[in-house]
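Me: I have a two-part request. Please go through this model with me, and set each label against its cut-off.

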Amino acid sequence: MSRNIKSAIFSALLVLIISYPVLGLKLSTVGISLRVEGASAFELWCIGGAATLIFLWQLLRDRLTPTWAKLPKLPSGSGQVGNFLTLPSTQRWIILAMVMVALVWPFFASRGSVDIATLILIYVMLGLGLNIVVGLAGLLDLGYVGFYAVGAYSYAILSHYFGLSFWMCLPIAGMMAALFGFLLGFPVLRLRGDYLAIVTLGFGEIIRILLRNLTELTGGPNGLSIANENKPTLFGLSFERRVPADMPTFHGYFEIAYNSQYKVIFLYLIALLLVLLTLFLVNRLLRMPIGRAWEALREDEIACRALGLNPTVIKLSAFTIGASLAGFAGSFFAARQGLVTPESFTFIESAMILAIVVLGGMGSQLGVILAAIVMVMLQEMRELSEYRMLIFGLVMIFMMIWRPQGLLPMQRPHLELKR
Amino acid sequence: MSRTILEVSGLSMRFGGLLAVNGVGLNVKEKQVVSMIGPNGAGKTTVFNCLTGFYQPSSGSIRLNGEAIEGLPGHKIARKGVVRTFQNVRLFKDMTAVENLLIAQHRHLNTSYLAGLFKTSAFRRSEREAMDYAAHWLEQVDLVDFANREAGTLAYGQQRRLEIARCMMTRPSILMLDEPAAGLNPRETEDLKALISVLRDEHNVTVLLIEHDMKLVMSISDHIYVINQGTPLADGTPDDIRNNPDVIKAYLGEA
């Protein structure tokens with residue numbers, strides 16, 4: 001019992017220490033200086049109440065747990081549902097239904113939500129790409145954002161200096177990122193685990209710092225903007241308001257009033273198309289010998305070698321294909337932003353993509369989609385922006401308790417034997 | 001007389017100041033079962049590691065069908081038909097039994113990206129053949145009912161059998177088994193013995209064996225090499241070895 005009291009007092013104190021500065025003290029700007037203000041009585045009461053609740057909970061937890069256990073268990077029920085959800089056949093139907101909804105939905109939604117959905121789709125693409133490297137091949141890559149940056153800057157540079165269009169640049173950006181993945185893959189192949197993570201982290205940073213300092217080519221910290229005539233077009237029809245006089249526009253061609261909503265929806269549909277292509281690609285790869293080899297490599301590299309599989313080739317292919325997907329996502333990101341700066345490609349982006357993969361369940365595609373939605377929503381909750389990190393941490397803790405394998409962990413494909 | 005398939009001479013492996021293997025020679029003929037025995041730490045597994053390219057031997061020559069293979073990387077040696085199992089089972093634990101077998105056929109499959117992406121008929125045929133071959137071997141090792149179970153959840157004896165089946169997927173000419181009977185009960189050991197005979201007689205595989213179960217070794221081997229403290233102690237037929245006073249002293253023990 002005394003142990004309980006100790007831990008209860010400790011937890012309650014912890015709640016006070018953490019929540020008082022976060023919730024109880026407010027900074028407000030007065031002129032050019034900041035002033036610290038105390039919180040209202042109501043907020044102080046809330047903090048006190050929370051501390052008392054934690055105190056009681058910690059104190060009585062042992063007594064409560066038996067009654068708790070008697071209640072019908074929620075996690076096991078959701079586990080069954082999860083199992084059903086992760087069956088490949090169910091996943092296919094879910095994905096099909098989601099695609100249908102995703103196709104129709106933007107025409108009825110607000111501009112802001114379509115824009116967020118586009119961002120989600122970018123992260124889905126990135127998540128699926130990183131999933132190949134981390135989830136399937138088991139290579140912890142913390143510099144994934146580097147390839148994303150290569151893709152974005154490939155498009156920006158090619159359009160800025162050579163006036164190439166988005167659709168020309170998209171494949172080139174993918175190939176450039178793949179090339180970088182291949183080149184960076186070579187030296188890091190000997191490493192694994194923590195060492196690999198550190199080195200890839202370094203590569204990601206190197207790319208960002210290079211982009212910031214190659215001022216002549218990349219515009220340095222100011223970045224590069226993409227001219228309207230090089231933005232994505234629908235069979236040559238531009239969605240921009242102001243374009244060179246000889247360029248046909250969407251609203252001009254159909255003789256309707258200009259509406260920026262068209263552009264947002266158009267970008268969304270491109271992102272959806274790219275995600276669907278990525279999904280198809282990853283799905284096929286998984287069922288190809290190379291996909292199985294990636295997973296085998298994750299499981300046991302020595303056994304792979306003993307069976308005649310060349311680990312170098314397999315790792316390189318995972319790195320290259322993963323990087324190329326980031327390249328596609330990057331060039332699309334550049335098209336959506338209209339401006340690329342090195343600050344869009346900081347380490348926190350890599351961490352975010354990795355969190356999506358881990359949260360979704362390593363190797364699971366539906367999981368990645370779900371996790372991307374959750375993560376981007378969390379990021380975009382403007383009204384809760386102060387508590388974003390708090391919610392973030394809470395989500396991670398609950399995940400660890402209830403679904404340590406991820407939201408929708410990957411299930412093994414069932415292969416029918418012919419008797 | 002059958003011809004020599006693997007010829008090893010003067011094989012030495014040095015780890016810093018430790019001479020783990022010193023001048024070991026082997027002469028393995030086609031379709032033989034050759035065993036390597038010796039006390040723990042004698043260097044048997046190190047010899048295996050040298051033969052399969054996991055270690056670069058310090059000196060000595062290894063000839064497979066007359067071709068020097070010493071110093072080649074492991075996957076290249078495996079592709080030449082020398083495949084091994086491990087003392088501690090090394091399956092792909094989170095993958096199903098049949099997937100384990102499919103991976104081992106990687107080299108024999110259609111690995112072209114385009115063919116796989118568009119599911120060409122050649123790709124589908126190659127995958128189907130791989131499945132049939134895997135099914136055939138699952139039957140051979142009595143694991144058909146466990147085809148879609150994750151390998152890590154199989155019983156220990158089943159994992160051992162699956163590992164051998166996985167090696168057979170690569171169509172090897174020499175199969176090297178590192179203590180395959182360790183941890184098996186007497187019945188499973190009998191099954192293993194029958195399986196090794198099948199491998200040799202029906203699939204023309206030469207088997208190189210490290211094993212401590214003397215009953216198994218003596219009953220199945222055509223030739224036995226005894227290694228003690230890294231150096232070859234004796235070699236000969238099971239009867240020679242059984243009656244060799246040096247071997248009795250160093251390893252077998254007085255009856």
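**Labels and their cut-offs**

Me: A:L183 sits in helix α7 (residues 166-188) of chain A. Why does A:L183 count as partly exposed?

Reply: A:L183 has 13 C-beta neighbours inside 10 Å. Buried needs 20 or more other C-beta atoms within 10 Å, exposed 12 or fewer, and partly exposed is in between, with C-beta atoms placed from the backbone. So A:L183 is partly exposed. Its C-alpha atom is separated by 51 Å from that of A:G24, 159 residues apart along the chain.

This is a predicted model: local features need pLDDT of at least 70 and side-chain atom pairs 80 or more, while totals for chains, interfaces and linings use all residues. Residues are numbered from 1 along each chain as written, and chains are lettered from A and ligands numbered from 1 in written order.

Me: What makes A:V133 buried or exposed?

Reply: A:V133 has 28 C-beta neighbours inside 10 Å, so A:V133 counts as buried. A:V133 belongs to helix α5 (residues 111-136) of chain A. Helices are DSSP runs of H or I, at least four residues, and strands are runs of E, at least two, numbered from the N terminus.

Me: Which residues does A:V133 contact, leaving aside neighbours within four places in sequence?

Reply: A:L139, A:D141, A:A318, A:F319 and A:G322. Contact is C-beta atoms, placed from the backbone, within 7 Å.

Me: Why are α6(A) and α14(A) called oblique?

Reply: Helix α6 (residues 144-162) and helix α14 (residues 311-337) of chain A pack at about 50 degrees, with axes 6 Å apart. Under 35 degrees is roughly parallel, over 145 roughly antiparallel, 65 to 115 roughly perpendicular, and the rest oblique. Therefore α6(A) and α14(A) are oblique to each other. Among the residues in their contact are A:Y144, A:F147 and A:Y155 of α6(A), and A:A323, A:F328 and A:F333 of α14(A). By class, this contact has 15 nonpolar, five polar and no charged residues. (Nonpolar is Ala, Val, Leu, Ile, Met, Phe, Trp, Tyr, Cys and Pro; charged is Asp, Glu, Lys and Arg; the others, Gly among them, are polar.)

Me: What makes β2 and β5 of chain B edge strands?

Reply: Four strands form an open, antiparallel sheet in the order β2-β1-β4-β5 (chain B). β2 (18-29) and β5 (67-68) each have a single partner strand, so one side of each is left without a neighbour in the sheet. Pairing takes at least two DSSP bridges.

Me: How many bridges pair β1(B) with β2(B)?

Reply: Strand β1 (residues 4-15) of chain B and β2(B) pair over eight bridges, in the antiparallel sense. B:L11 has B:V24 in β2(B) as its bridge partner. B:F15 stands opposite B:L18. The hairpin has two residues between the strands, and B:G16 there takes a positive phi near 60 degrees.

Me: How many residues do the chains give to their contact?

Reply: Chain B gives 33 residues and chain A 23. On the chain B side, α3(B) gives the largest share, five residues. That side has 14 nonpolar, nine polar and 10 charged residues.

Technical notes
Two residues are in contact if their C-beta atoms, placed from the backbone, lie within 7 Å. Axes are lines fitted to C-alpha atoms, for helices over the stretch in contact, and angles run from 0 to 180 degrees between N-to-C directions.
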